Amino acid sequence: MIEEIKEALQMLSIPEKASFYPRFFKTGKGEYGEGDEFIGVTVPDQRKIVKEYFEIITLSDLKKLLSSKIHEHRHCAILMLVAKFEKSNDNEKADFVSFYLNNLIHINSWDLVDSSCYKILGRYFFHLNDDSILENLAKNDNLWQKRMAIVSTMYYIRKDKFDLTKDVVQLNLEHPHDLMHKANGWMLREMGKKNERELLEFLEKNYEKMPRTTLRYAIEKLDNEMRKEILRGQF
């Protein structure tokens, strides 16, 4: 089945995308995606493969696909895992979460993280009422695991729970990488869409040490005049 899926993806490859994606995902020496390989399959086309195979693929085969050096193979695998998780019962969900956590090494790009973590980890641990795994991920030195921690709180935000988001952002507020600045700002923005007062209080408290990118992302949905005042440090 794995070879069948890979062949199906190869049939959907677009040469122009295969040339563009390595630049878009920063695969050059010293960049965050260094060494990643692409065949040029768009996400909508990947979803066609996901729809066809997710119900019948086993976790054993999914692991093989997820461990591929080809980016689209890994992304297709993680989308299949999300689809299986969403269709599963409560007992099965624990197995899919364990699979996710046991294969973190292969979930190693922002798109793989962002398309899966809040749908699996965020949802599962919110309903389990256990934040410890996400807190541990936030403390890990690995960039992708830190990003998993903050993006997973999207599920909490949608349930009007903001404390974990604020805690995780504060923990990594001064992280050096731009991908964390953007993720932190993105979740703060989502929090602000649900509760503007929570956002403004957080910004006022953390304004002095907040990276400009995080701040700009966080205030993107606010009133234009309010954004200008905040950028000037006026609360």
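Author: In this predicted model, ring pairs join F20, Y21, F24, F25, F38 and W110 into a cluster. The protein has 12 aromatic pairs by the rule used here. One of them is the pair of F25 and F38, which is stacked, with 5.2 Å from centre to centre and 25° between the planes. Both F25 and F38 lie in the loop between α2 (15-24) and α3 (43-53), so their pairing ties together parts that are 13 residues apart in sequence.

Another ring has a charged neighbour: K93 lies over the face of F85, 5.0 Å from the ring centre.

Now for the wider setting. Nonpolar side chains tend to be buried together in soluble globular proteins. Here the largest nonpolar core has 73 residues, and M80 and Y100 are those with the most contacts inside it. Helix α5 (residues 71-87) gives the most to this core, with 9 residues. Leaving aside residues up to four places away in sequence, M80 touches I5, I49, V50, Y53, F54, I57, L62 and L65.

At the start of α10, a side-chain oxygen of N142 comes to within 2.8 Å of the backbone nitrogen of W144.

Stepping back to the whole protein, its secondary structure comes to 16 helices and 0 strands. Buried residues make up 51% of the 235 residues. The C-alpha trace spans about 60 × 45 × 30 Å along its principal axes. The radius of gyration is 19 Å, which agrees with the value near 18 Å that a compact globule of 235 residues would have. As for how the chain meets itself, take the contacts between residues at least 6 apart in sequence: 69% of them join residues at least 24 apart. To return to your rings, F25 and F38 link parts of the chain that are 13 residues apart, and W110 belongs to the cluster with them.

Notes:
Residues are numbered from 1 along each chain as its sequence is written. This is a predicted model: local features need pLDDT of at least 70, side-chain atom pairs count only at pLDDT 80 or more; totals for chains, interfaces and linings use all residues. Side-chain values use heavy atoms; hydrogens and water are left out. Rings of Phe, Tyr and Trp (its six-membered ring) pair if their centres lie within 6.5 Å; planes under 30 degrees apart count as stacked, over 60 as edge-to-face and the rest as tilted. Helices (H or I, at least four residues) and strands (E, at least two) are DSSP runs, numbered from the N terminus. A charge sits over a ring if NZ of Lys or CZ of Arg is within 6 Å of the ring centre and within 35 degrees of the ring normal. A nonpolar core is a set of buried Ala, Val, Leu, Ile, Met, Phe, Trp, Tyr and Cys residues joined through side-chain atoms within 4.5 Å. Buried means under 20% relative accessible area, exposed over 50%, partly exposed in between (1.4 Å probe, protein chains only). Contact means heavy atoms within 4.5 Å. A polar contact is a pair of N or O atoms within 3.5 Å; within protein, one must be able to donate a hydrogen and the other to accept it, and residues adjacent in sequence count only if both atoms are side-chain atoms. The radius of gyration is taken over C-alpha atoms; the globule rule is 2.2 Å times the number of residues to the power 0.38.
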